[in-house]
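Open the model in your viewer and keep the sequence panel beside it. The tour below moves from one selection to the next.

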Amino acid sequence: MRLPRLLITFVAATTTVSAVLADLVIPDLAAQHAFNPGWPPHAKFHDAQYMVMTVLLGLIGLTLALRRGRDALLHAAAVLSVPWVGMIGALLFPGTAAYDPEFADRTVFVLGLHGQVFMAVVLLLVLLGAAAAARRTPAGPAASP
């Protein structure tokens, strides 16, 4: 189960840091999020809530991914999928968008998808593949790290 554990650990680390980097630290991206003067305080509150949530989910996923056994890996994959499925699911609500129109010229698209949405799809596919590989691996002491 080394490869599934490695992949899930990678997604856990990415989940733990990505929202904070994108929404607070990287200047060009933070200007579109936490430091966007066009966002009202309540919108910034929900952005901060999302950052804290992804850090916590990433750390929970990382803790589970580092435990022995297939079930821990599968639980880690489930926990880590939450913010990424949430990001995609949020686009189904009326009036939402992956980016604000004033930042259209600074928005990165990959294969026609907003960069964050593309990243969510890729990480969800990695989690799905790792979980499928972990499920195919026999459970037991020999299958542990």
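**Starting point: V20**

Select V20, which lies in helix 1. The model is a predicted one. Is V20 buried, partly exposed or exposed? Its relative accessibility is 25%, so V20 counts as partly exposed. Now show what surrounds it: leaving aside neighbours within four places in sequence, V20 is in contact with V25, M51 and V55.

**The whole of helix 1**

Look along helix 1 to V17, where the helix bends by about 35°.

Next, colour the buried residues of helix 1, among them P4, I8, V11, A12, A19, A22 and D23. What covers the buried residues of helix 1? The cover includes helix 2 (27-30), helix 3 (41-65), helix 4 (70-90) and helix 5 (115-136).

**Helix 1 against helix 3**

Keep helix 1 and helix 3 on screen. They pack at an angle of about 165°, with their axes 8 Å apart. An angle over 145 degrees counts as roughly antiparallel, and helix 1 and helix 3 are therefore roughly antiparallel to each other. Their crossing is left-handed.

Finally, show the side chains where the two helices meet. Helix 1 contributes residues including R5, T9, T16, V20 and L24, while those of helix 3 include D47, Y50, M51, V55, L62 and A65.

Terms used:
Residues are numbered from 1 along each chain as its sequence is written. This is a predicted model: local features need pLDDT of at least 70, side-chain atom pairs count only at pLDDT 80 or more; totals for chains, interfaces and linings use all residues. Side-chain values use heavy atoms; hydrogens and water are left out. The bend at a residue is the angle between axes fitted to the seven residues ending there and the seven starting there. Helices (H or I, at least four residues) and strands (E, at least two) are DSSP runs, numbered from the N terminus. Buried means under 20% relative accessible area, exposed over 50%, partly exposed in between (1.4 Å probe, protein chains only). Contact means heavy atoms within 4.5 Å. Axes are lines fitted to C-alpha atoms, for helices over the stretch in contact, and angles run from 0 to 180 degrees between N-to-C directions. Angles under 35 degrees count as roughly parallel, over 145 as roughly antiparallel, 65 to 115 as roughly perpendicular and the rest as oblique. A crossing is left-handed if the near helix is turned anticlockwise from the far one by less than a right angle, and right-handed if clockwise.
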